[in-house]
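Here's a quick briefing to read alongside the model. Have the sequence and the 3D view open as you go.

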Amino acid sequence: MIILEGADGTGKTHAAKKICDAWDLTYRHMSRPPEDFDHASEYVERVFDGVQDRFHLGALVYGRILGTGTYPSAETMRQVQAYLRWQGCLVVVLVADRDWLSEQLTENTKKEMYSDSLILDANEAYRALSTASNRGEPYADIVYDVSDGWPTEDTYSEWVMRRRALWAH
């Protein structure tokens, strides 16, 4: 599974659909988990061979920013990450420069679930998380800054090939 994480407006859905179309993969999107969501077991059950638009890191970032709902503990996150690595999942985090993303959100006609200020805060949280680790295990395999330019077909191909290489091990 290729997992695309990042704040709204960073191109996750566009990238996921482009990858799915080009390589005939299944697309799934995850929105806010319910209050009784069991992060350890339910993330494990949702692993599949395709492209996931937002997954475990979204719960961590948005759960903490919103201060509502549930979000995974550090220990649960370690368990989820270990399982995802074991399954050969590739985690790609899309981030952006704050000013660039703010301009994108202003120009965007699509109504996002959250306010622009919350999305900008989430982007900063994803950026911090993308360089962090959980007891030595990085949260992200790839960090892509979309403010440097949208991913290309070659970039998507690299992600798919890297995912396949992980799966082969």
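Glu153 counts as partly exposed because its relative accessibility is 41% (buried means under 20% relative accessible area, exposed over 50%, partly exposed in between, with a 1.4 Å probe and protein chains only). Its salt-bridge partner is Lys18, with the closest N and O atoms 3.4 Å apart (a salt bridge puts a side-chain nitrogen of Lys or Arg within 4 Å of a carboxyl oxygen of Asp or Glu). Bear in mind that this is a predicted model, where local features need pLDDT of at least 70, side-chain atom pairs count only at pLDDT 80 or more, and totals for chains, interfaces and linings use all residues. Residues are numbered from 1 along each chain as its sequence is written, and side-chain values use heavy atoms, leaving out hydrogens and water.

**Salt bridges**

- A search of the whole structure turns up eight salt bridges.
- Lys18 is partly exposed too, at a relative accessible area of 33%.
- Asp8 pairs with Arg54, and their closest N and O atoms are 3.1 Å apart.
- That pair links distant parts of the chain, 46 residues apart: Asp8 is in the loop between strand 1 and helix 1, and Arg54 in the loop between strand 3 (50-53) and helix 3 (helices, H or I with at least four residues, and strands, E with at least two, are DSSP runs numbered from the N terminus).
- Both ends are buried, with Asp8 at 8% relative accessibility and Arg54 at 10%.
- Asp49 bridges to Arg163, the closest N and O atoms being 3.6 Å apart.
- Here Asp49 is exposed at 57%, whereas Arg163 is buried at 8%.

**Helix 6**

- Helix 6 (residues 116-130) has 15 residues and spans 21 Å from its first C-alpha to its last, close to the 21 Å expected at 1.5 Å a residue (the expected span is 1.5 Å times one less than the number of residues).
- Its buried residues include Leu118, Ile119, Tyr126 and Leu129.
- Among the elements covering those buried residues are strand 1 (2-6), helix 3 (56-66) and helix 5 (98-107) (contact means heavy atoms within 4.5 Å).

**Largest pocket**

- The largest pocket has a volume of about 350 Å³ (on a 1 Å grid over the protein atoms alone, a pocket is an open set of points with protein on both sides within 12 Å along at least five of seven lines, and lining residues have an atom within 4 Å of a point).
- Of the 19 residues lining this pocket, Asp8, Gly9, Thr13, Lys110 and Glu112 are the closest to its centre.

Methods. On a 1 Å grid over the protein atoms alone, a cavity is a set of points where a 1.4 Å probe fits but cannot get out, and a pocket is an open set with protein on both sides within 12 Å along at least five of seven lines; lining residues have an atom within 4 Å of a point. Grid points are joined across faces, edges and corners, and a volume is the space filled by probe spheres set on the points.
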